[in-house]
Amino acid sequence: MNAFGLISRGSSGTKVVGALRTVACAACKQTVAKTVGGQRFKMTLASTHISAIGGARRSPESIYQTSASFAARYSTETQPPPKDGADAGKPDGKAKKEKLLPSSGPLSPIGIGLFLLSAGGILYYFTVRKEQIRLERLANQNRQETFGKPHVGGPFELTDHTGQAFGDVNLRGKFALIYFGFCHCPDICPDELDKIGDALEILDRNPLTKDAVQPVFITCDPQRDSPEAIEEYLQQFHPKFVGLTGSIDQIRSACKAFRVYFSKPPKVAENQDYLVDHSIFSYFMDPNGEFVDVYGKDRTAEYMAADIERRVKQFVAAGGKIQKKAEAA
């Protein structure tokens, strides 16, 4: 058995790469092959028998010089040595496995999983949960309409802006939209009365709701708001308005029936200007004098008209009758 040293020379000096071992060959030109350091080499000896460089151990420099004179060429095979027997079909333990995904970062399995989880949560909220919220609101609205009606409204006797007696019985047979305020109100009352007028204009476009709602203004300041003052004041607003006033006791009784709060300064000199603090609501009553709903300052005329139209349709569908001016004549 002889040994052949494989040497590489580089910038860092001479290095022994490995040793090729082979049996003595029968001719002076022989190809020897062996695996060294995980690679397979071929070497062709040109003119001298391989046994000439076998034998005793030599230094790397000596082996390089000797082998260089004999080796004509060598090449590296790209394929690893074939496996046989029990090793066939088994992966090479030294070969690195190729990774399809990084182990960390947004493209890692964990990052992709978190992204899919977040996307699923957003999709659930904007589809399933949103529909659940809508159904819950609808159920709560129906529950309030059926069981949550407060006891608002009742009998009252007042005087209208023409000086005629006017009470709750005069509103029977049609819907009523009642607002409590005072004629000297600088801004809120005019805004709310204008809003009621705009809602009536919208309702009059529909034959079902045209002339179906009677707007009513009840003063909270009877000391200054006489029938003549109310008549002049209401000329600024929708012509269907009926203005009501009365004694202080009659006004207090009506406000109590509708749960309306109002207050004015306790001591006021004659001809002294003052403001009246009061509730800012429009009370919607059905033709039977029953409370239907209340609209606050935040409700628009469009909302009020749409809601009133819906209520009127429900009332008529349930067999209710609405008395309009044409029918009364």
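The exercises below concern selected residues of a predicted model.

**Exercise 1.** Which helix gives the most to the negative patch, and with how many residues?

Solution.
- Start with the members: D187, D191, D194, D198, E201 and E302 form a negative surface patch.
- Next, take the helix: α3 spans residues 188–203 and gives the most to this patch, with four residues.
- One of the patch residues, D191, is found in helix α3.

**Exercise 2.** Is D191 buried, partly exposed or exposed?

Solution.
- The relative accessibility of D191 is 47%.
- Buried means under 20% and exposed means over 50%, with partly exposed in between.
- D191 therefore counts as partly exposed, at 47%.

**Exercise 3.** Where is T209 placed, and why does T209 count as buried?

Solution.
- T209 sits in the loop between α3 and β9, a strand covering 213–219.
- The relative accessibility of T209 is 1%, and the cut-off for buried is under 20%.
- T209 counts as buried because its relative accessibility is 1%.
- With residues up to four places away in sequence left out, T209 touches L203, D204, E309, V312 and K324.

**Exercise 4.** Which residues are in contact with F258, leaving aside neighbours within four places in sequence?

Solution.
- Locate F258 in the loop between α5 (248–257) and β11 (262–263).
- F258 has a relative accessible area of 2%, so F258 is buried.
- With those neighbours set aside, the contacts of F258 are V152, G153, G154, F156, I178, F180, Y283 and M285.
- For G153, the C-alpha atom is separated from that of F258 by 4.7 Å, although the two residues are 105 residues apart along the chain.

Definitions and conventions:
Residues are numbered from 1 along each chain as its sequence is written. This is a predicted model: local features need pLDDT of at least 70, side-chain atom pairs count only at pLDDT 80 or more; totals for chains, interfaces and linings use all residues. Side-chain values use heavy atoms; hydrogens and water are left out. Patches are made of residues with over 30% relative accessible area and no salt bridge: like charges are joined within 9 Å, nonpolar side chains (Val, Leu, Ile, Met, Phe, Trp, Tyr) within 5 Å. Accessible areas come from the Shrake-Rupley method with a 1.4 Å probe; for residues, only the protein chains shown count as cover. A salt bridge is a side-chain nitrogen of Lys or Arg within 4 Å of a carboxyl oxygen of Asp or Glu. Lys and Arg count as positive and Asp and Glu as negative; His and the chain ends are not counted. The place of a charge is taken as NZ of Lys, CZ of Arg, CG of Asp or CD of Glu. Helices (H or I, at least four residues) and strands (E, at least two) are DSSP runs, numbered from the N terminus. Buried means under 20% relative accessible area, exposed over 50%, partly exposed in between (1.4 Å probe, protein chains only). Contact means heavy atoms within 4.5 Å.
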